[in-house]
Amino acid sequence: MARSSLLGRRLAWFGLAILAGCGDGDESSNTPAGPALGLAKAPEALTVASLTLKAPVHDVVAFGRYAFALNADQGVQILDLLDAKKPAAISTLATSGKIVSVEHDEERGLAYMIDSAGKLYVVNVLAADDPQVISSIDLGSTLGGARGLTRVRDRVYVVAGTKLQPVTLTEEATGLKLAQSPAVTLEAEPTHVAAGAGALYLAYASGTLESWSAPSGGTPSRLGAVDLGGEPRGIVSNGSKVIAVAIGSGLNAVDFDDPAKPVIRQQSRELSDPSRVRLFGRTLVVQLERGWVSSIDVSEMASPRALTTNKDQSPEWVSVVDGNLLFGSGTSASVAGIPPALAGRVHASVRNEFPTYGLLPIRISKRVDPASVKGFALSCAAQSIAGRAILDGDGMSVRFRADTALPPGSDCELDLSTLRDLIGLELAAGGEGSRFRFRTAPAAGAAVTNPGSKYPHSLDGHFTGWSSDAGSGSEFEWFDVKNAQGMFTRFYADFDGSRLYILNDWIYSDEKIGPDCYNQFGVWTGGGKQKWTIRAYGDQRMEVRKNGQLVDPKSEQVSGGAYFASSPNRAEPHTIYEISLPAAPGKWGVQLHDPGPTFKCNKLESEPTSVAGSVSGAASAAASTVDPTARPSAPTAPAEPSPAAGATDVSLTPRLGWTTGDGWETFTSFRVQLARDAEFGKPVELSAGTEQFVNVPAGALRNATTYYWRVIAENAAGSAQSDTATFTTVAAAQCSEPDTADCDKDPQNGCEVSTLADEANCGACGNVCGQGLVCQAGKCVEDADGGTGGTGGSDGAAGTGGTGGNPNCTSCLTTNCANAYTPCAAHTECNAIVTCAASCSNWSCIGSCQQAHPTGTTLFGPVSNCLEASCFEACTAPKDASSGGTGGADGGSDASADSGTGGSDAGSYGSCAAGDFVDKIASGPSGIDVTFPGNLDAGPPKYSMPCILISTNGKVGFYGPFATYPMVPGSEAGNPITAKSSGTGTPFIPFTTPGTYTFYSPTAPSTMYGAIKVQAP
């Protein structure tokens, strides 16, 4: 097709046109000045409620209608602003340190939090009134004092000092696994971090704003930088665009489309004295040093405007939650109403040729009163057009659907004057006001018929062979395929006899979309025999469901993805989706869901566009008919819940299912709500897409709890709700042994984890010890050098053992520091510090030992002084090494010489050298006892026969005062020894698999350790 009138027009970012600016990061005198914001003339945000918090707060971060209030010392309060006039603190979350930064992952219902000690928490906040820490990792003391964190794909990035620390998130059957990758050392300390379009953005006090790569694996690298001209006080990102607010230069609109050459497109110096910045949707809140707090509508960055300004304000923190201002100091908080504004814009080119069958999409900056949208009125050519407004489930998107097609070539107006937010505030003055005006296309929409294209499809997201410099008569891929015009898309479809090719030229978006952004294609082919849900993500991932089941895209021959390129419809780069899938002849249909004009990646906000068509004929004579005017009927209410109403003993991660009388062509999607009350006061909301089931994620439900649930069916024509059903979850496993836990939440296998020594569940389920840390007595402590391992023998000879075994720390303290050490040894927590310190190799590690046992710190002070003066070498020397390696297996000259392993890096238990093992193979499987004395005054407690050699199926029992000296297994795979912290004995434990299995007591790790070496007969 020839290039349209859209060619050469620049489209919106943050909802509108970017002004032309300088290149190569030069924002000097050529940087355009931004428009006047009108801060001084903006009305005041009127306070509608106040709240007394349970503890002093240093910051507040929004997540939907809720907020995290970060306590000044430890812990988090969850605030509910569902009713802004009645805010409430509904729950608390305990943390071991001061939370300094939070990132919300709305699609998964998770929050990532970093504390001042370098501990990263993953919190399930689907049930906001009962948040649960589902995983955590101690990143080590070098990550203490973190300045912020952000997330890209399945990686969290923490900034602390000059360190950029990636942490990888992996979904496993037992939960979310966290793994610490090598940190990147930066040249300076960033003050702020954000992410967008798959990149990281770091800001520095010097005024530098950098972009960094954010690979799914490997090391991030610096891509480009720009000088903001002043110290940044906050950065917020939207895809590849960043708003940076800095001292002096004020608001900077920065374009990172080319991350190596960022460009400052405009500046607004009215915000030249910022102290902090927050963003909710398209509402920016800036606190100024002059004592003002302003909210700014940035949905059109070419013309941002102040919505409110409160003067003579000096709160300790400000935020914007659910579209309202939240500010306060100490334990006092106030809520002030910000008027709603139109946050999503329909581009001028679309308004000038509006589809006569199109739904009118309206995106508002905050949730609105459902009753207020019922008064919307549409008129065309001064004639009233019947229709109704459909409010989406999030309460912020409205689609007005006319009952009939709109008259072509007519001037139309949608009157939004009845709209109110939940406080009762009208639409903000200025901008478009309360009138949405457009002109319909000169002709009514109609079906488009295409013969099979003679051009092969490359699935590269480009109109291959097309060039913006070529004449309109040039031929290229898709040249001979007529497109169907949607609201923000030019939709192409082509059938070659066996495959359906789809291209969505999403001309509205100049954004490089983020990795988590996607376009969703609902497709049915072969007359409805095959039903597909395809998500094409911004990082080229494809998620495909066929007939409701998740499938491998490659095995099902579905290919394509999202691209950023030019097209004949618009020369400036924008987002293009191109996919291909197998299709049988017959009727087919497609529904497109774009991320939408406000670019909230996990929210499908566009009209959506529905098309119907058919494919027929052989490969040599294929034809495709596309009807963009297809309009589905309203959905029916879902029924037949599964599990059945009243079900009991339901797992914590059930699959909830239902049936519907609607055909696939209705393109109905489903939302599930779960709550602990019949009124659904604080529901957990889950999106099922077009599937008729949803898998409840771990952490959303609680044991032995009755849940009410319902399903809401929605499509472009309306919604319908199921009856409410209930189910009760299974009771939790009862852990009779102390220091054990049911971490996989499966009562069938009981309390399967020892929290004393498990480095993936240290002290609590999901608490991971990071690099350089090990789990000792339920605490993550720093690693210490465990000595030098042995070397393997040559020609099949046995290897030699490693070196190690330096003087004992406790002996040195007893000899040289008796006055200080004696009272410490009699105090359980102080003695625990000494025991822990005996495994350390530096003062940082010893400091971690004190943090793990804070009530012993006072008595440990004098011990610490003497340790430094007299016993530092003894207490930080390498510990015993483990056995040497084994020689080559074949005994010949070509045998390999396997290296031995070093001693315990944790220093938490000793080791058994090759000559230490007592051969008990002759005892057979009848059982061998390992004991330690009940009379602990006889000397340092030790195990009898700590190192034993047995054959497979041999049995070992353990006896002693476990309450005083608990026994913990080592971390070897398949270790059958279980933790024991009460009682005096264990049953005989069978050892069925060859290997060496260690055990120790965290109370006396330097003397109470051992190993069972098992070999095949």
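Guide: Let's start with one word: a residue is called buried when its relative accessible area is under 20%, exposed when that value is over 50%, and partly exposed in between. Keep in mind that this is a predicted model.

Visitor: Why is D415 called buried?

Guide: The relative accessible area of D415 is 16%, and the cut-off is under 20%, so D415 counts as buried.

Visitor: And what makes R435 partly exposed?

Guide: R435 has a relative accessible area of 29%.

Visitor: How many salt bridges does a search of the whole structure find?

Guide: It finds 33. Take R367 and D322, whose closest N and O atoms are 2.5 Å apart. R367 sits in the loop between β33 and β34, and D322 in the loop between β29 and β30, 45 residues apart. R367 is buried at 16%, and D322 is buried at 5%. There is also a network of salt bridges that links D105, R108, R151 and D154.

Visitor: What does the salt bridge of R265 and D255 tie together?

Guide: Their closest N and O atoms are 3.1 Å apart. R265 lies in strand β24 and D255 in strand β23, so the pair ties together parts that are ten residues apart in sequence. Both R265 and D255 are buried.

Visitor: On to the rings. Why is the aromatic pair of F476 and F479 called edge-to-face?

Guide: Ring centres within 6.5 Å make a pair, and planes over 60 degrees apart make it edge-to-face. F476 and F479 are 5.4 Å centre to centre, with 80 degrees between the planes. F476 is buried at 4%, while F479 is partly exposed at 24%.

Visitor: What about F932 and Y965: how far are they centre to centre?

Guide: They are 6.4 Å centre to centre, again with the pair edge-to-face at 80 degrees between the planes. F932 and Y965 are 33 residues apart and link distant parts of the chain. F932 is buried at 5%, and Y965 is buried at 13%. F932, Y943, F958, F962, Y965 and F999 form one aromatic cluster.

Visitor: What makes you say that R541 lies over the face of Y537?

Guide: The distance part of the rule is within 6 Å of the ring centre, and R541 is at 4.1 Å from that of Y537. K1013 lies over the face of F917 at 5.5 Å.

Visitor: Why are the buried residues of α3 said to line one face of the helix?

Guide: Those residues are A820, Y821 and C824. Seen down the axis of α3, they fall within an arc of 90 degrees, so they line one face.

Visitor: Last one: what is the mean pLDDT of the protein?

Guide: The mean is 81, and 85% of the residues reach 70 or more. Over residues 1–29, though, pLDDT stays under 50.

Technical notes. Residues are numbered from 1 along each chain as its sequence is written. This is a predicted model: local features need pLDDT of at least 70, side-chain atom pairs count only at pLDDT 80 or more; totals for chains, interfaces and linings use all residues. Side-chain values use heavy atoms; hydrogens and water are left out. Rings of Phe, Tyr and Trp (its six-membered ring) pair if their centres lie within 6.5 Å; planes under 30 degrees apart count as stacked, over 60 as edge-to-face and the rest as tilted. Buried means under 20% relative accessible area, exposed over 50%, partly exposed in between (1.4 Å probe, protein chains only). Helices (H or I, at least four residues) and strands (E, at least two) are DSSP runs, numbered from the N terminus. A charge sits over a ring if NZ of Lys or CZ of Arg is within 6 Å of the ring centre and within 35 degrees of the ring normal. The arc is that of the directions from the helix axis to the C-beta atoms. pLDDT is the predictor's confidence in each residue, from 0 to 100. Contact means heavy atoms within 4.5 Å. A salt bridge is a side-chain nitrogen of Lys or Arg within 4 Å of a carboxyl oxygen of Asp or Glu.
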